[in-house]
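Reader: I have a model open and would like to walk through some of its features. Can we take it piece by piece?

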Amino acid sequence: MFSAFDSQTWKRLAAAISCISIVGIGLSLVIPLLALRLEAAGFPAHTNGLHIAVTGVATLVGAPLTPWLARWMGIRALVFSAIALGIAALMGFAFCGDYQLWLAIRAAFGLSLTIIFVVSEYWISAAAPPAQRGMVLGLYATVLALGFAIGPALLSLTGADGLLPFFVAAGLIGAAAIPVALAGEAGAVKMEGPALPNLRAIFAAAPIALAAGLLYGAVETGLNGLLPVFGVRSGFPQSWATFQLTLVALGNVVFPIPIGLVADRLNKTWMLAFFALFGFAGALALPALAADPTTYAVALFFWGGLIGGLYPVGLAILAGKFQGARLGSANAAYIMMYSVGMMAGPPALGLGLDLENPGGLFDALAALFLAYLALIVALSRPARAVWRRGRA
């Protein structure tokens, strides 16, 4: 499976995947940590969601600028700078008690993570051999998900109070510099593409793929920030409320490589439709299962694992449609759509949680999955054929 990879390919893939996965640990610790701090301070869920959405604003600004910054500074120097900015932001959270100032700190933290994610995902897409791209992206999603599983588990151990969780997150994000440094200049790739991607052209070529990034940004960020709040409001102990995120992420550890292997052989668009349908059904069922911890835990594991296929399969569609400079622009556009989801999803999900406490979180999630499924059906070839006949 991996025997066809030369040493240079291995070096590039290992550096990019290791870097982004270590950052994933820190990110998945920080988002629920901040959400629990705001919940304890008495903020409503929709305000909590608006705080999370600030990270999406930073991503929307930073994603199109990253290719230009990478060409100007070089990929390794840019990643090191982004890691330093992320650590500085975490120290700001730790020592600043003004939650309004946290909005500015979140913007800086979001910008640092955006740069790392855009660079690393381009690095992976460019280095992966085309015939194994789905499998490689599945491996990337698996390792990243493992990081997202470790973060909430660490938070369960450190607790949400005091300085310790911020120091742990800062240490983890700092460790992301190690694989990049070990790769050396020879392990990096040259990031191509204009600073500002042509969103209209990219969206026209791959609307369903870009919408998958948007949906997953809304779902993943909303869950990281608000699923622990759902747990606290449902009467779960704080450790179990946080551990829900680990269960979702563990599903993402198990499923992405099989999903990637299947995606190399089947129609990727219809795979996205299946994930959307499963996400819709699962969101409707999960609140009723929450009374039985064992059944609920198993359901969260499978649900999180399968809906996690949205992101790598959408990314694989883009990597199959664009190459070279256009791939850099398409990847930046994908991150931008993810960031739009980060901005819109948490406030909408938080509003659902406030309106119907606490099951409205899952009702809002179901509505998002249903909307995406409707988009896929509307843009499918049979639907377009019916539309053209109706206009004729």
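Author: Ser-21 is found in helix 1; helices here are DSSP runs of H or I with at least four residues, strands are runs of E with at least two, and both are numbered from the N terminus. This is a predicted model, in which local features need pLDDT of at least 70 and side-chain atom pairs count only at pLDDT 80 or more, while totals for chains, interfaces and linings use all residues. Residues are numbered from 1 along each chain as its sequence is written, and side-chain values use heavy atoms, with hydrogens and water left out.

Reader: Ok. Is Ser-21 buried or exposed?

Author: Ser-21 is buried, at a relative accessible area of 5%. Buried means under 20% relative accessible area, exposed means over 50%, and partly exposed is in between, using a 1.4 Å probe and protein chains only.

Reader: And how far apart are the C-alpha atoms of Ser-21 and Phe-117?

Author: They are separated by 9.7 Å, with the two residues 96 residues apart along the chain.

Reader: What about Ile-52 and Met-343, what separates their C-alpha atoms?

Author: That separation is 7.4 Å, for residues 291 apart along the chain. Ile-52 lies in helix 2 and is buried, with a relative accessible area of 2%.

Reader: Where does Val-313 lie?

Author: Val-313 is in helix 14, residues 310-321. Its relative accessible area is 2%, so Val-313 is buried. The C-alpha atoms of Val-313 and Val-262 are separated by 9.9 Å, and these residues are 51 residues apart along the chain.

Reader: Switching to charges. How many salt bridges does the structure hold?

Author: Two. A salt bridge is a side-chain nitrogen of Lys or Arg within 4 Å of a carboxyl oxygen of Asp or Glu. In one of them, the side chains of Arg-233 and Glu-39 meet at 3.5 Å, N to O. That pair links distant parts of the chain, with Arg-233 in helix 9 (residues 207-233) and Glu-39 in helix 1 (residues 7-40), 194 residues apart.

Reader: Which residue does Arg-233 meet in a salt bridge at 3.1 Å?

Author: Asp-354, with the 3.1 Å taken N to O. Arg-233 lies in helix 9 and Asp-354 in helix 15 (residues 324-355), so this pair ties together parts that are 121 residues apart in sequence. Salt bridges that share partners join Glu-39, Arg-233 and Asp-354 into one network.

Reader: Are Arg-233 and Asp-354 buried or partly exposed?

Author: Arg-233 counts as partly exposed at 25% relative accessibility, and Asp-354 counts as partly exposed at 26%.

Reader: Now rings. How many aromatic pairs are there?

Author: The structure holds 20 aromatic pairs. Rings of Phe, Tyr and Trp (its six-membered ring) pair if their centres lie within 6.5 Å; planes under 30 degrees apart count as stacked, over 60 as edge-to-face and the rest as tilted. Phe-230 and Phe-236 form an edge-to-face pair, 6.3 Å centre to centre with 85 degrees between the planes. Phe-236 and Trp-240 have ring centres 6.2 Å apart and planes at 55 degrees, so that pair is tilted.

Reader: Which of its residues are buried?

Author: In helix 3 the buried ones include Ile-75, Leu-78, Val-79, Ile-83 and Phe-93. Seen down the axis of helix 3, its buried residues fall within an arc of 160 degrees, so they line one face of the helix. The arc is that of the directions from the helix axis to the C-beta atoms.
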